[in-house]
Amino acid sequence: MEEASKKSLLKSFGINLKKIRKGKGLSYRELAQLCDVDHSQISKIEKGLISIQITTLAELSRGLDIHPKELFDFEVKHS
């Protein structure tokens with residue numbers, strides 16, 4: 001996968017995570033309290049700055065009370 005495609009995927013994932021978090025009325029800190037993910041890491045994920053492990057994905061979905069696949073419900077732009 002090209003670097004530009006990776007960045008686009010991370011950015012799209014982050015935008016979707018932010019949309020879900022805000023839709024549930026949660027701040028970074030509130031979501032962090034619901035799962036085992038630091039609030040600063042959530043911020044970086046939402047900005048598309050870091051890639052995450054599958055265990056982090058599971059923690060985020062647990063904290064948001066959604067199925068993990070909902071975190072991938074976004075369009076991916078292919079270069």
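This is a predicted model: local features need pLDDT of at least 70, side-chain atom pairs count only at pLDDT 80 or more; totals for chains, interfaces and linings use all residues.
Residues are numbered from 1 along each chain as its sequence is written, and side-chain values use heavy atoms, leaving out hydrogens and water. Local features need pLDDT of at least 70, side-chain atom pairs count only at pLDDT 80 or more, and totals for chains, interfaces and linings use all residues.

Let's start with α1. Helices here are DSSP runs (H or I, at least four residues), numbered from the N terminus. The 21 residues of α1 (residues 3-23) should span 30 Å at 1.5 Å a residue, and the end C-alpha atoms are 30 Å apart, which agrees. The expected span is 1.5 Å times one less than the number of residues. Among the buried residues of α1 are Phe-13, Leu-17 and Ile-20; buried means under 20% relative accessible area with a 1.4 Å probe, protein chains only. After α1 comes Gly-25, with a positive phi near 70 degrees.

| Helix | Residues |
|---|---|
| α2 | 28-34 |
| α3 | 39-46 |
| α4 | 54-64 |

How do α1 and α4 meet, and at what angle do their axes cross? Their axes come within 11 Å and cross at roughly 20 degrees. That makes α1 roughly parallel to α4, a term for angles under 35 degrees. The contact (heavy atoms within 4.5 Å) is made by Phe-13, Leu-17, Ile-20 and Arg-21 of α1 and Leu-57, Leu-60 and Leu-64 of α4.

Leu-57 is buried, with a relative accessible area of 11%. Not counting residues up to four places away in sequence, Leu-57 touches Phe-13, Ile-52, Pro-68, Leu-71 and Phe-72.

Key:
Helices (H or I, at least four residues) and strands (E, at least two) are DSSP runs, numbered from the N terminus. Buried means under 20% relative accessible area, exposed over 50%, partly exposed in between (1.4 Å probe, protein chains only). Axes are lines fitted to C-alpha atoms, for helices over the stretch in contact, and angles run from 0 to 180 degrees between N-to-C directions. Angles under 35 degrees count as roughly parallel, over 145 as roughly antiparallel, 65 to 115 as roughly perpendicular and the rest as oblique.
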